[in-house]
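Colleague: I'm new to this one, could you put it up and walk me through a few spots?
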Amino acid sequence: MPRAFLIVMDGVGAGGAPDADGYFNGAVPDTGANTLGHIAETCAAGLAEEGRTGPLNMPTLGALGLGEAVRLASGADMPGFATEPVGLWGAATEVSRGKDTPSGHWELAGTPVPWDWHCFPNAIPAFPAEIMTEAARLAGTEGTLGNCHASGIEIIERLGEEHLRTGWPICYTSVDSVFQIAAHEERFGLDRLLNLCEALATLLHEMRVGRVIARPFAGSGDAFERTPNRRDFAIPPPAPTLCDWVAKAGGRVHAIGKIGDIFSMQGIHDVARGTDAELMEHLVRLADGAEDGSLTFANFVEFDSVYGHRRDATGYARALEWFDAQLPRVLERLGRGDLILFAADHGNDPTWRGTDHTRERVPVVGHGIGPRAIGHVGFADLAVSIAAHLGVPANGPGRSFL
């Protein structure tokens with residue numbers, strides 16, 4: 001039996017979203033944002049030379065059709081990328097009303113979001129008083145810190161010392177539908193932070209806030225850093241997803257990265273966590289040994305979390321090149337009949353204004369069925385196509401491009 005692998009390169013958008021003018025970073029619309037296109041332009045111009053040099057070099061995904069996918073999505077030039085792909089390639093457009101992680105992943109898995117998310121105003125305070133009172137009560141503290149929109153690194157640097165002194169959790173949000181809590185793994189305690197987020201999630205999910213995110217950090221003074229022990233407590237998907245379809249048909253579903261959190265473990269049999277480097281080893285392991293008829297669903301988050309939000313185009317380019325260089329280890333372990341698709345959940349253009357996600361189309365490239373131009377597709381088409389490949393019934397709005 002064939003196997004399927006769906007790999008989400010978090011935040012690796014391709015520009016060209018037709019509704020980008022309705023999404024914003026601050027007061028500026030996302031019109032023209034293009035994560036891959038602008039990184040390629042930055043590299044070609046010699047402006048991304050720290051730890052790497054020259055044009056963006058992604059020969060593995062480039063050969064499959066990544067450059068053509070971005071050109072289709074947005075018309076970007078993509079210098080140095082192949083124009084005669086040997087793999088499956090196209091561009092996907094999202095219909096869910098958001099540019100956030102759950103919306104993108106759920107729709108890629110066949111379930112567009114049927115509601116509008118609740119987002120908190122970009123004001124101080126950002127959160128209603130009753131939420132902050134409950135957060136302090138659950139934390140067992142006299143108060144909380146933050147209560148604003150912020151970048152995760154910036155707010156830890158700004159409030160980390162006060163957090164160490166008071167023990168109060170740092171609460172913040174972004175343009176997405178999230179409530180984030182940062183706390184020191186030793187001073188506050190990792191288990192205590194996770195329990196706090198899980199308890200608070202019930203209240204926030206009732207408000208249609210998509211995720212409560214635990215953001216543990218370590219260090220002191222000017223040397224604070226986030227640890228890999230992040231956890232997302234997300235609203236369960238509103239309908240069965242690709243994971244459920246495969247599990248119901250008797251297939252195993254292996255999650256890598258934060259997939260288990262995003263889908264509240266629904267339809268998922270096991271999950272592997274860690275840094276992106278550690279997640280790559282898990283992907284190699286499953287490419288070698290995952291069962292016939294299985295789905296491996298992976299998220300590589302550091303493109304988005306480490307480089308996109310920090311608007312670090314050079315670091316982003318290094319991460320993309322590292323990822324691409326690892327993929328031959330994965331592809332050579334795939335068997336005849338296996339299908340692997342690479343896509344993204346949204347954009348996060350590191351050359352763009354602000355610090356938030358950008359509304360973009362995403363590239364779709366694949367290996368396993370030979371050259372195939374699939375053109376413009378919907379996010380949900382990936383789920384239906386994987387279901388068709390595995391021979392399992394699909395119950396979603398997409399159509400197969402296989």
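Colleague: Thanks. Which side chain does the side chain of Thr 53 join in a polar contact?
Modeller: The side chain of Thr 53 is joined to that of Glu 49 by a polar contact of 2.5 Å, where a polar contact is a pair of N or O atoms within 3.5 Å, one able to donate a hydrogen and the other to accept it within protein, and residues adjacent in sequence count only if both atoms are side-chain atoms. Please keep in mind that this is a predicted model, in which local features need pLDDT of at least 70 and side-chain atom pairs count only at pLDDT 80 or more, while totals for chains, interfaces and linings use all residues. Residues are numbered from 1 along each chain as its sequence is written, and side-chain values use heavy atoms, with hydrogens and water left out.
Colleague: And where is Thr 53 placed?
Modeller: Thr 53 sits in the loop between helix H1 (35-44) and helix H2 (59-64); helices (H or I, at least four residues) and strands (E, at least two) are DSSP runs, numbered from the N terminus. Its C-alpha atom is separated by 7.5 Å from that of Cys 43, ten residues apart along the chain.
Colleague: Is Thr 53 buried or exposed?
Modeller: Thr 53 is exposed, because its relative accessible area is 60%; buried means under 20%, exposed over 50%, and partly exposed in between (1.4 Å probe, protein chains only).
Colleague: Switching to helices, at what angle do H1 and H12 pack?
Modeller: The angle is about 105°, and the axes of H1 and H12 are 10 Å apart, where axes are lines fitted to C-alpha atoms, for helices over the stretch in contact, and angles run from 0 to 180 degrees between N-to-C directions. H1 is therefore roughly perpendicular to H12, since angles of 65 to 115 degrees count as roughly perpendicular, under 35 as roughly parallel, over 145 as roughly antiparallel and the rest as oblique.
Colleague: Which residues meet there?
Modeller: Thr 35, Leu 36, Ile 39, Thr 42 and Cys 43 in H1 meet Ala 313, Tyr 316, Ala 317 and Leu 320 in H12, contact being heavy atoms within 4.5 Å. By class, the contact of H1 with H12 has seven nonpolar, two polar and no charged residues; Ala, Val, Leu, Ile, Met, Phe, Trp, Tyr, Cys and Pro count as nonpolar, Asp, Glu, Lys and Arg as charged, and the others, Gly among them, as polar.
Colleague: What about H10 and H12, how do their axes cross?
Modeller: The axes of H10 (residues 276-289) and H12 (residues 313-331) cross at roughly 20° and come within 9 Å, so H10 is roughly parallel to H12. The residues of that contact divide into nine nonpolar, one polar and three charged.
Colleague: New topic: where does His 357 lie, and is it buried or exposed?
Modeller: His 357 lies in the loop between strand S14 (339-343) and strand S15 (362-367), and with a relative accessible area of 3% His 357 is buried. The side chain of His 357 also makes a polar contact of 3.0 Å with the side chain of Asp 304.
Colleague: And what is the phi of Arg 311?
Modeller: Arg 311 has a positive phi of about 55°, although it is not a glycine. Arg 311 is placed in the loop between helix H11 (302-308) and H12, and at 17% relative accessibility Arg 311 counts as buried.
Colleague: Last one, which residues does the cis peptide bond join?
Modeller: The cis peptide bond joins Ile 124 and Pro 125, with omega about 5°, and Pro 125 lies in the loop between helix H4 (101-108) and helix H5 (129-139).
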